[in-house]
Amino acid sequence: MTKTEENKQGFLNLNLRTKTLLVTVIALIILVSVFLSNFLIDHQAVLTSNFYNINQAPSFEHLFGTDWMGRDMFMRTLLGLGISIGVGAFASVISTVVAILLGVFSSVNTLVDEVVTAIIDLFGSIPHILLIILVSLAFGGGYYGVIMAVGLTHWTPLARVLRAEIKKINTSEYIKLSNEFGKSKLWIAKKHIFPLIISQIIVGVILMFPHAIMHEASISFLGFGLPAHEPAIGIILAESMKYLSMGYWWLAFYPGLSLLLLVLLFDLIGENVHRLLDPQSAQE
Amino acid sequence: MNNRTKTFIRNKAIHFILLMLAVAIFSFVLLELSPIDPVNAYLKQAVISPEQRIMLEQYWGVNQPLTTKIWGWLSNLLQGNLGTSLIYRVPVVDVIVERFMASFVLMFFSWIISGFLGFGLGIVAGKNKGGWIDKLVKLYCYILQSAPSFWIGLLILIIFSVELGWFPIGMSVAIGTVSSDATIWQWLARLVLPTLTLSLVGVAPIAMYTRNELVNVLSSDYILFARARGESGWPLIERQALRNILLPALTLQFQNFAELFGGAVLVEQVFSYPGIGQTAVAAGLQSDVTLLLGIVLVSAVFVFVGNLLADVMYFFVDPRIRENEYLDKN
């Protein structure tokens, strides 16, 4: 073993698999603690105005500074991230259900398959942000509108993957053999297809999160999303625009950066879980 | 015109018509589901008598069945009549044409800049795979793909407008002047920052793609052979690899039209750039249903054109596919 290889192994003497697992768990702990902090923080205290210290630059007392009502931006950001995770989780659940349903339906017969393809095509033909605006308006806007809009528009990539995957599995030899043996369609779906697509679904869901979070922030930023008194990141950033010309850069910088880190964490978890579940790369 | 071209055009035309029909009906039904009441949106809380309200409801056809409404909207659409905008009080077509031109300039420049920059960065990164340039480009792409584009816009606004003071904040035309009076320079000055933002965001996918493709190509056998013949460095890439990557990269850039449009919506909002994205947001917020429907249709056409150009690239420009055609004939 050469010197460099020894160095690579030096990190706690862990192999890649354990290391990946460790990183994933740490990222997960950060996310969960951000989400749980929402229940521990006293919302009333954070969101009450305090005019003694308005528009303060970041300091040790107020890590992210304070806004025009003297509210601590770090706390507001934390609450915003909690909302983002909540909306993201809920939207991912909706999208996953839709994706699985359509993916499975498409394998029924060619006509249904054509219809599913057409729906995917339709959803892809309108810029995503406009589609979200349309759907959120259809559901009457507000909290409900945002969740439904983000949830009902993120299923297309996963549905496409599932459709292709199921199609591939369905044409394989052992499915034909299973058919010959007289197994029912449900049995085949449960025993032969489901175990193969479950890892795709898990990874798809985790990778849906960052998109959902980002779109929730975008649409809130545009003013369609959550009501203005909620501390969502999109709303914080939209609000900060009024104060940028006065040089209060921290109002926009830190909340956006936190959102970016949140998205990167989800990406990291998604990639790592993919690596762990995928048998080809899991043993590297 | 050969048979292949004819089939291509025919298929695309049918696809286009069906898709536009679907988009028109789909978006109409979605807005019909929404609790937006056209009469209330028009009145903006003005007080009127019940009789007047009934008259207005009849004028807008509020109580007609859904099928009648959709039929009316489609038949008007076929005649090129998109209705009148509620907030601008002019035909929707006029609003869209004016705003779309502004957005088009923004998107066009961003598309070109991000294309060249992304392709260049991708080539440099792929050529130095594993090196610090590669890592830097990868990090940049990773962050830019994960960052909300409006936040990047805000940062650019903070740096260039607030701290450095090089560019004005907001308003595409200075307050107090009519938009037609603004000089071309004033207008260009307002175009710079949105274009910069949209370009920086757009670099990520194309750079990442180009990098990965180049890495793939460089590990192929014919590159190995070329190296064995003594070719190396930049001439090797220019002569052997570049042509293979350029076309798929260009295709990808065309397929990115939807992302480009979405980015423009957010960026225009940040910089108060009077483009179609900002208009769409205003239409949505102020319940201007006709204008929003018009914009959705136009955006769908825009995305379709992008995909069409990508297909044209693929079918007619790619020499490998052209060669195949001759082979098929013989």
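**View 1. B:Ser272 sits in the loop between helix 11 (257-271) and helix 12 (276-285) of chain B.** Helices here are DSSP runs of H or I with at least four residues, strands are runs of E with at least two, and both are numbered from the N terminus. This is a predicted model, where local features need pLDDT of at least 70, side-chain atom pairs count only at pLDDT 80 or more, and totals for chains, interfaces and linings use all residues. Residues are numbered from 1 along each chain as its sequence is written, while chains are lettered from A and ligands numbered from 1 in the order in which they are written. The phi angle of B:Ser272 is near 45 degrees. That value is positive, in a residue other than glycine. B:Ser272 counts as partly exposed because it has 17 C-beta neighbours inside 10 Å. (A residue is buried with 20 or more other C-beta atoms within 10 Å of its own, exposed with 12 or fewer, and partly exposed in between; C-beta atoms are placed from the backbone.)

**View 2. B:Ser287 lies in the loop between helix 12 and helix 13 of chain B.** Phi of B:Ser287 is near 55 degrees. Here too the residue is not a glycine, and its phi is positive. B:Ser287 has 21 C-beta neighbours inside 10 Å, so it counts as buried.

**View 3. Helix 9 (residues 221-228) of chain B is hardly covered.** Helix 9 of chain B has eight residues, and the count of buried ones is zero. After this helix comes B:Gly230. The phi of B:Gly230 is positive, near 110 degrees.

**View 4. Helix 1 (residues 3-33) of chain B has 31 residues.** From its first C-alpha to its last, helix 1 of chain B reaches 45 Å. This is close to the 45 Å expected at 1.5 Å a residue. (The expected span is 1.5 Å times one less than the number of residues.) Buried residues in this helix are B:Val23, B:Ser27, B:Phe28 and B:Leu30. In chain B, they pack against helix 4 (66-78) and helix 13 (289-317). In chain A, they pack against helix 5 (110-124) and helix 6.

**View 5. Chain A meets chain B.** On the chain A side, 34 residues are in contact with 38 residues of chain B. (Contact means that the C-beta atoms of two residues, placed from the backbone, lie within 7 Å.) Helix 6 (128-138), helix 10 and helix 12 (250-277) of chain A each give two or more residues to this side. By class, the side of chain A that touches chain B has 25 nonpolar, eight polar and one charged residues. (Ala, Val, Leu, Ile, Met, Phe, Trp, Tyr, Cys and Pro count as nonpolar; Asp, Glu, Lys and Arg as charged; the others, Gly among them, as polar.)

**View 6. Helix 10 (residues 185-222) and helix 11 (residues 233-240) of chain A pack with their axes 7 Å apart.** The angle between helix 10 and helix 11 of chain A is about 40 degrees. That makes helix 10 of chain A oblique to helix 11 of chain A. (Angles under 35 degrees count as roughly parallel, over 145 as roughly antiparallel, 65 to 115 as roughly perpendicular, and the rest as oblique. The contact of helix 10 with helix 11 of chain A has seven nonpolar, three polar and one charged residues.

**View 7. Helix 5 (residues 92-127) and helix 6 (residues 132-146) of chain B cross at roughly 135 degrees.** Their axes come within 7 Å. Helix 5 and helix 6 of chain B are therefore oblique to each other. From helix 5 of chain B come B:Leu121, B:Val124 and B:Ala125. They meet B:Ile133, B:Asp134, B:Val137 and B:Lys138 in helix 6 of chain B. The residues of this contact divide into five nonpolar, no polar and two charged.

**View 8. A:Glu165 lies in helix 8 (residues 156-170) of chain A.** A:Glu165 counts as partly exposed because it has 17 C-beta neighbours inside 10 Å. Leaving out residues up to four places away in sequence, A:Glu165 touches A:Ile197 and A:Gln200. A:Glu165 and A:Ile193 are 28 residues apart in sequence. In space they are 9.1 Å apart, C-alpha to C-alpha.

Definitions and conventions. Axes fitted to C-alpha atoms, helices over the stretch in contact; angles between N-to-C directions.
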